[in-house]
Amino acid sequence: MRAGAEPILSVEDLHTHFFTQDGVTRAVDGVSFTVAAGETLGIVGESGCGKSVTALSIMRLLPPGLGRSVGGSVRFGGRDLLTLDEAEMRRIRGDRIAMVFQEPMTSLNPVLTVGEQIAEAVMIHQGKSRHDAWARAEEMLTLVRIPDAARRVGDYPHQFSGGMRQRVMIAMALSCHPQLLIADEPTTALDVTIQAQILKLMLELKGRIGAAILMITHDLGVVAETCQRVIVMYAGRKVEEASVLDLFDRPLHPYTRGLMASIPRRRPGAPRTRRLQEIPGMVPSLREPLSGCPFAPRCPLATARCTAEAPPLEQHGAGHVVACWEAGRIGVS
Amino acid sequence: MIGTIVRRLLSMLPVMGVVAVCVFLLLHLAPGDPAAIIAGENVSPENIARIRAQLGLDQPVWRQFLVWVGSLLTGDLGQSMFWGDSVTSLIGQRAEPTISLAFTTVMVAVFLAIGLGVLAAACAGTLVDRLVMGFAVMGFSVPVFVVGYLLIFVFAINLKWLPVQGYTPISEGVAPWLRNLVLPSIALGMAYVALIARITRTTMLDVLAEDYMRTAKAKGVAMRPMLFRHALKNAAVPIATVVGNGVALLIGGVVITETVFNIPGVGRLVVDAIARRDYPIIQGVIMVFSGVYVLVNLLVDLSYTFLDPRIRD
C-alpha cells in the first residue's frame, strides 16, 4: 500500500466454501488484503487457487446455493459487504464496484444492444432518463475507442469481435465511475496483440476515472505491466504479497519462484536451449483439511516441519510478507 | 423478408398435399359406408347402390381422390353428403365458437404458462418449483374430458358460478360470451399450459446459468428485470417453438372440449360428421385444421427473426 493511502477495500480473513454432494471445498481459506484508492493490486495464481472466487465473494456473485462466504469480512465504504442485504448490495454492484469478466464472447447479453446494456447501469444507479443514459453509453463507447460509436451503440454483441466486446464490457463497468474495478482475467480469452491494447486502455481509463483495480490473473506478465502490488495465492491461501518490483526481484515463496521459472524467457548469457521449468505435482484437493504448508508436497525445499505445521505470513522487508518456513533461507541464497 | 415469406408459403403446398393424401386414404380405407347411413334401416341394396352412385362412391378410389383434390385447388371443399350444404359454409357457420375458444385459451394459457415457468425457474429446487411442476405433470396427464366434467361439477353444478354448457355469441355481449368460455378454456388449456410452463422453466434455467446473467447481476440489475428483460428474451425462441407446436394439442382438445361443453363449433361438426361418415366434412375440417397448424408454425418461424437478433443477420 502506498504510504498514507487509506484502503478503500479491506478483505479480512475471508473464508469461502463450496458445498457439494462430495463435501465442502474450501476455495478461499483465510485470505486478507487491502486495496488503496487508485492503486492496482494483482492477485496471481494457477487455476483453482481461489483468486476468482475471492473476486466473486467480494461482489457476492457466488453461484447461489453452492458457494458461500462463511467467515471474515469485506469492508468497503465503511460497511461489511458480507452483511448487507441484497438490495443494498445491488446499489453497490455496478456503481461503486464494477467487474469485467474473462469471457467477452459470453459475458454480454446476445439479445440486447450494447447501448441498452451500458445504458442500463447508468439508469439504475444514476437515475438518468433513457435518452441521457443512451447518450452516456455512446460517450463510453467513444472513450473505449470503438470506432463510429454513434452508430455502433445500437449494434448487438455478435456484431463485435472479442476485443471489441471486452471494450464494451469495460465501458459498461466504468459507466458509473466506480471506485473499484475488479478485472477477472480480462485478457485471457483475447489474442496476444489485443491483450496489450486492452490492458493499456484499462490503465488509462483507471487514471482518468480514479478507480482502483483488482487484477485477477494467472499471467505474471500482466501483473508486471499493470500492478503496483501483487498477491500470490495457492490452494485458497495467500502465500506471498509484495510490491511488483520487489516480487520480481526477490521472490521468497518457492511457489512464486516456480511460477517465475515457468515463464518462457531468455536471460542474458543463459544457454539458448534451457528447458522451460515446471512445478512438479498437482494442486492439493481443497476438500481434505490441509495440515502444514499446502505447497509442501510439490516444494523442493520442504522439510518435516513444512508438512506438519502451516507457516504463518511473516514480514520479510517493507511491505513484503510470505508464508514459508524456509523464506529466510531463500532470501539469502 | 417478403421473399422468405413467399418461399415459406409455397413450401406449405407439398405439406398440405401429403395431408390430403393421408386424410383421404384413412377415411376411405376405414370401414363404414355413408350411403348405408344416409339410407337408414331396412333399405334395399339397390337403394344403397343408387345413393352410392349419387355421391360418387361407386367410382374407383383414385378417381374420387382426383375429383376432391381438383375442387380443393379451386378452393372448394365439396358438399356435405348428409346436409347437402357446402362444407365451406358449414365450417363458416361453426367458426365463431371455435375461434373464440381457441383465442381465449391461447391468450390466457401462454401468459399463465410463461409466468409459471419463470416462477419455477426463479425458485428452482424450492417448494414453489415442485408445486408448479407437479401441476404441470398433472395438467399434461389428465385428459381434457376428465378436467372438463370435473370443472362443470365443481364450478357450474355445485358452486353455480358459471353456466354448465353451451355458447353465447359475442354479438350478445362480451360478458355472457366470456362466462361461457371460462370453463372450456381452462379444460382445453390445461395440457397446453403444462407443456409451455415446462419448456419455459427448462430454458430459463439454462439461460440463468449463462455468463451474461452474472454480468447483469454484477451491474446491479434487480431480480425482476433480470428474469424478464435479460433471461426471458433469451429463452423466447424455444418457448415460441413449443407455443406453435402445442397448437396441435389444442386442435385435438377442441374437438373433445366442444363435445363436453356442448359448444356448436367446428370440433362438434367434425365429431357429428365422423359418426355419419360424412367424408367431405371430415376431410374439409382436417384440411382447415392442418392449414391453421402449418400457418401458425410458419408465423412462429418468422417470429424468430424478431426474437433473436443473431438470426436476423
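Close-up 1. A crossing counts as left-handed if the near helix is turned anticlockwise from the far one by less than a right angle, and as right-handed if clockwise. The model is predicted; local features need pLDDT of at least 70, side-chain atom pairs count only at pLDDT 80 or more, and totals for chains, interfaces and linings use all residues. Residues are numbered from 1 along each chain as its sequence is written, while chains are lettered from A and ligands numbered from 1 in the order in which they are written. Helix α12 covers residues 266-275 of chain B, and helix α13 covers residues 279-307 of chain B. Their axes come within 8 Å and cross at roughly 145°. Axes are lines fitted to C-alpha atoms, for helices over the stretch in contact, and angles run from 0 to 180 degrees between N-to-C directions. From α12(B), the contact takes B:V266, B:L269, B:V270, B:A273 and B:I274. From α13(B) come B:I281, B:I282 and B:V285. Contact requires C-beta atoms, placed from the backbone, to lie within 7 Å. By class, this contact has eight nonpolar, no polar and no charged residues. Ala, Val, Leu, Ile, Met, Phe, Trp, Tyr, Cys and Pro count as nonpolar, Asp, Glu, Lys and Arg as charged, and the others, Gly among them, as polar.

**Close-up 2. Helix α5(B) packs on α10(B) at an angle of about 125°.** The axes are 11 Å apart. That angle makes α5(B) oblique to α10(B) (under 35 degrees is roughly parallel, over 145 roughly antiparallel, 65 to 115 roughly perpendicular, the rest oblique). The crossing of α5(B) and α10(B) is right-handed. B:V110, B:I114, B:V118 and B:A122 of α5(B) meet B:L227, B:L232, B:I239 and B:V243 of α10(B). The residues of this contact divide into eight nonpolar, no polar and no charged.

**Close-up 3. Chain B touches chain A.** Here 18 residues of chain B are in contact with 23 residues of chain A. On the chain B side, α9 (211-218), α10 (223-245) and α14 (309-312) each give two or more residues. α9(B) gives the most, with seven residues. This side has six nonpolar, four polar and eight charged residues.

**Close-up 4. Chain A has 12 helices and 12 strands.** Helices (H or I, at least four residues) and strands (E, at least two) are DSSP runs, numbered from the N terminus. Chain A averages a pLDDT of 90, and 95% of the residues score at least 70. pLDDT is the predictor's confidence in each residue, from 0 to 100. Among the elements of chain A, helix α12 (residues 327-332) has the lowest mean pLDDT (74) and strand β3 (residues 40-44) the highest (96).

Methods: Contact = placed C-beta atoms within 7 Å.
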